[in-house]
Amino acid sequence: MDLNYTSEDLAFRDQARAFLDANLPADLQQKVRKHLRLSKDDYVRWHQTLAKQGWVAPGWPIEFGGPGWSAVQRHIWEEECARAGTPPILPFGVNMVAPVIMAFGSDEQKAHFLPRILSCEDWWCQGYSEPGAGSDLASLKTSAARDGDFYVVNGQKTWTTLAQHADMIFCLVRTDSGVRKQEGISFLLIDMHSPGVTVRPIIMLDEDHEVNEVFFDNVRVPVQNLVGKENKGWTYAKYLLGHERTGIAAVGRSKRELASLKRIAAQRNKHGKPLIEDPLFAAKVATLEIELMALEMTVMRVLAQEHKAPGPEASVLKVRGTEIQQTLTELMVEAVGPMALPFDPAYLESETPHSVFDDDDAAPLAAHYFNFRKTSIYGGSNEIQRNIITQMILGL
């Protein structure tokens with residue numbers, strides 16, 4: 001593929017920058033750049049701003065309401081959003097369940113769910129992991145028993161991100177326990193407001209309510225909410241995970257964080273000189289930047305396969321992308337040293353304009369560091385991704 005931008009690509013970049021400069025609210029930009037927590041309203045506001053422009057789903061084809069952008073345009077858009085400091089578009093609807101519905105859903109499901117995903121009328125969450133089925137996802141036990149025109153769902157999901165806000169959840173459920181475990185799984189779309197659905201918070205080390213447990217107690221789900229064929233959900237699940245793992249690479253966001261790291265290191269002194277000039281620290285930053293450049297080229301190669309669903313190469317992106325993200329948080333904490341230790345929840349929640357410890361750059365970094373330990377676990381742990389790479393790419 002040609003990695004040089006054409007004049008049309010550069011014109012698109014200028015258009016994207018002009019839109020972001022004119023439409024990104026300053027309060028959202030500051031929250032993102034300062035690593036402060038985003039509220040449901042923050043996510044929805046930005047989603048709906050992009051929806052009005054028709055740019056909320058860059059990877060969607062025109063027929064379903066997307067902009068029909070090329071791989072290069074999508075890459076440019078991600079970079080410009082990261083540069084500007086936009087809130088992320090939550091992936092569960094736009095980038096995860098929507099491609100599954102487009103590829104395997106009925107015409108009725110496409111007509112009903114896709115417009116509601118675009119408008120953010122429905123907030124989606126993901127029902128994959130269970131207490132005994134994380135990396136070994138096919139061992140899931142949440143069951144769905146057919147009862148006339150309904151499935152009756154019983155079981156539990158865990159680590160369900162932002163389920164406290166969700167209207168819908170896409171779930172892997174067991175519809176046949178008498179076959180090989182991968183062959184008895186189905187893909188159901190479940191209304192979170194249904195009787196029998198209970199959401200319980202899991203409060204993390206940084207005191208944030210980001211993830212949840214979701215319990216299903218005789219929840220009745222219409223049969224028409226089954227995606228594709230019964231007992232074929234494992235195929236759809238793997239298709240979805242390819243899209244999820246590609247997005248987890250988050251090159252644009254890492255480039256923004258790298259710039260922040262350099263700025264922070266330039267403002268901190270070691271032995272009377274800026275930390276960024278310290279040979280050992282500068283070498284760490286340079287090594288990380290080289291790794292990020294290599295990852296960006298790999299992402300571009302994957303995206304250039306316009307009409308091919310992400311395959312095992314998505315595992316490479318997931319492993320390297322999350323390792324880079326974690327290293328960025330580690331180097332930021334190293335750069336500010338002991339100033340990362342104080343914990344100021346009021347500042348993280350934007351309840352005060354400045355940190356009580358008078359260091360707004362350092363105040364969120366410990367919480368940010370701890371939160372990003374999750375990236376090498378979610379979306380399939382990096383250990384499992386290495387197994388996939390070994391078997392599917394290296395053939396070992």
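**Exercise 1.** Is Phe104 buried, exposed or partly exposed?

*Solution.* Start with the model. This is a predicted model, in which local features need pLDDT of at least 70, side-chain atom pairs count only at pLDDT 80 or more, and totals for chains, interfaces and linings use all residues. Residues are numbered from 1 along each chain as its sequence is written, and side-chain values use heavy atoms, with hydrogens and water left out.

Next, the scale. Buried means under 20% relative accessible area, exposed over 50%, and partly exposed in between (1.4 Å probe, protein chains only). Phe104 has a relative accessible area of 27%, so Phe104 is partly exposed.

**Exercise 2.** Classify the aromatic pair of Phe104 and Tyr236, and state which helices it ties together.

*Solution.* Take the rule first. Rings of Phe, Tyr and Trp (its six-membered ring) pair if their centres lie within 6.5 Å; planes under 30 degrees apart are stacked, over 60 edge-to-face, and the rest tilted. The whole structure holds 15 aromatic pairs. In one of them, Phe104 and Tyr236 are 4.5 Å apart centre to centre, with 35° between the planes: the pair is tilted.

Now place the rings. Helices are DSSP runs (H or I, at least four residues), strands likewise (E, at least two), numbered from the N terminus. Phe104 lies in helix 5 (residues 91-104) and Tyr236 in helix 7 (residues 233-248), so the pair ties together parts 132 residues apart in sequence. Tyr236 is buried, at a relative accessible area of 7%.

**Exercise 3.** Which residues do ring pairs link into a cluster?

*Solution.* The cluster consists of Phe12, Phe19, Trp55, Trp69 and Trp77.

**Exercise 4.** Find the rings that have the charged end of Arg146 or Arg220 over them.

*Solution.* Apply the test: NZ of Lys or CZ of Arg must be within 6 Å of the ring centre and within 35 degrees of the ring normal. The charged end of Arg146 sits over the ring of Tyr151, 5.7 Å from its centre. For Arg220, the ring is that of Phe150, with the charged end 4.8 Å from its centre.
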